[in-house]
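Here is my note for your review. Please read it beside the model.

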Amino acid sequence: MIRNGTSQHCNILVIAWALLTLALAPNAQSADQNAGDAGIKIVLRNAVSGDRPADPAEFADILIVRDRRSIPVVPNMRLRPGDLVSTGNLEAVITFNGDEKELIVGSNSQIDILNPSIRAVIGEVVVKIKTGVTKAATATRDLFRVEGEFVRAAAEGTIFYFRTSAEATEVRVFEGRVRMEPNLNEAESLLLEAGEIATYQPNKTPVKHRMSSDQINEILVKVRRVEHAVPPYSGRQIMPPPEPQPVVPKPPDTPVITASTDRPELVQEVKRLLLALGYDPGPLNTNENESTTAAVRAFKQSRNLPGPAQIDEPLARVLRTEKNALDRRQPLPPLDRGSIKGIDAAAGKKVYTKNVMTADELIECIRQDQRAEAGKAALDATMAELDARKKLLENLAEALDQLYKNLDRSDQTAVDSYNARITDYQLLAEKFNTEEIGRHRELLKSYNDALNACEKMCANRQYYIDDYLVARDTLRLKEPHDSRCGI
């Protein structure tokens, strides 16, 4: 079913668990296949190999561990709470209480059977719950749950996809809704509706958004292949999630506040937030340029957020949430105001002139200085490479001189070998003089340009200490910035 999310790491974990289990119980005997919990009926109904039902002999590829013993696996066998199921190269179809719930467990996946929920250890699972099983949205006691390392998904009469690994847990909802109850202390609970997706990772704030058509079709194609091989027990097939309902426009007599009123302030705020999260949006003004668009695009791609690379209020909300989470996890150390070479002034007493920078101008000055510092580091690294290349060419030239002195000109093979080595040397020397020296000159020019820009913008200008604290918070400076630009 769901092979694209699996990896060699998954296979190693499953095989390692199987070997450990067999080592704990080398003389494991066959358990009673029809035994099960009296209050719940869980059945390994079938398995799929490729696009066909698995043969009984192929069921040996599925590992079931019960009470630390591996037990033989056959179609339609009863499972118990506490069983561990590893699918190997097959995809397993498991039902709970007849047609109430059906699971499709992907290949190279491992789950633990709970009562009556499951724990997804690694791999992928599709959960299909019959409509009307859950009586009320607030009745959490009877909800079917899938537990992962980072989050628990509580299903409210739904169909959803759950993929977990050591790095992340992802949930896609196709029908109904799923409550996401995070295991991470700082993460907030989410309620995913049909058509939404969320990913949970350590030290990252989960964000829900609409699934793309590719994310929908990726699961539909795979699950329908399994459903074709083993028809769904409840008769319910996975379908594309419904499109969101269009927003009803406000009546004409209702005053509408357009975004253009606060647009400049929103642009400036988003730029500051992007910069605090490690993206370069260009100068912190109210103008949008190519750097701003590139920063928005890079942020949205890193978070799998849909929509064009433009600034709007939904983007600002996501950025504010991430910035708040960043401040909680990475508090900035206290700063001695006396260590800052700035002007101390009470609120409302600041006067900005040509010689006094605003907070945004100070931020741009520090960034120019950081660019110059990075350029100097790149320049030093290039110089070290040039010295090494130059030494190599000198050694080759000495070796060729020695070879020339001892060359037997009557030996055509030796002459041809010498000429070939001369050609190789000339190519290396040409590359050194054009590409490598040229790259060094470009880096030197960029470094000098950054220094000149820094000098022109920042030299001999002052700033208020409170504005420096704003710059420090925005740029995540760990200690007072020691500038080479005279600020």
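**Notes on a strand and a helix residue**

1. Start with a bridge: in strand S7, Ala-92 is the partner of Ala-47. Strands here are DSSP runs of E of at least two residues, and helices are runs of H or I of at least four, both numbered from the N terminus.

2. On the basis of the values: this is a predicted model, where local features need pLDDT of at least 70, side-chain atom pairs count only at pLDDT 80 or more, and totals for chains, interfaces and linings use all residues. Residues are numbered from 1 along each chain as its sequence is written, and side-chain values use heavy atoms, with hydrogens and water left out.

3. S7 has partners. Strand S1 (residues 42-49) pairs with S7 in the antiparallel sense, over six bridges. Pairing requires at least two DSSP bridges between two strands. Strand S8 (residues 101-105) also runs antiparallel to S7, joined by five bridges. There, Ile-104 of S8 stands opposite Val-93.

4. S7 spans residues 91-96, and six of its six residues are buried. Buried means under 20% relative accessible area with a 1.4 Å probe, protein chains only. Both faces are covered. One side carries Glu-91, Val-93 and Thr-95; the other carries Ala-92, Ile-94 and Phe-96.

5. Now Tyr-447. This residue sits in helix H7 (residues 412-458). Is Tyr-447 buried or exposed? Tyr-447 is buried, because its relative accessible area is 12%.

6. Which residues does Tyr-447 contact, leaving aside neighbours within four places in sequence? They are Ala-372, Gly-375, Lys-376, Leu-379 and Arg-484. Contact means heavy atoms within 4.5 Å. Lys-376 is 71 residues from Tyr-447 in sequence, yet their C-alpha atoms are 6.3 Å apart.

Terms used:
Buried < 20%, exposed > 50% of the residue type's maximum accessible area, 1.4 Å probe, protein only.
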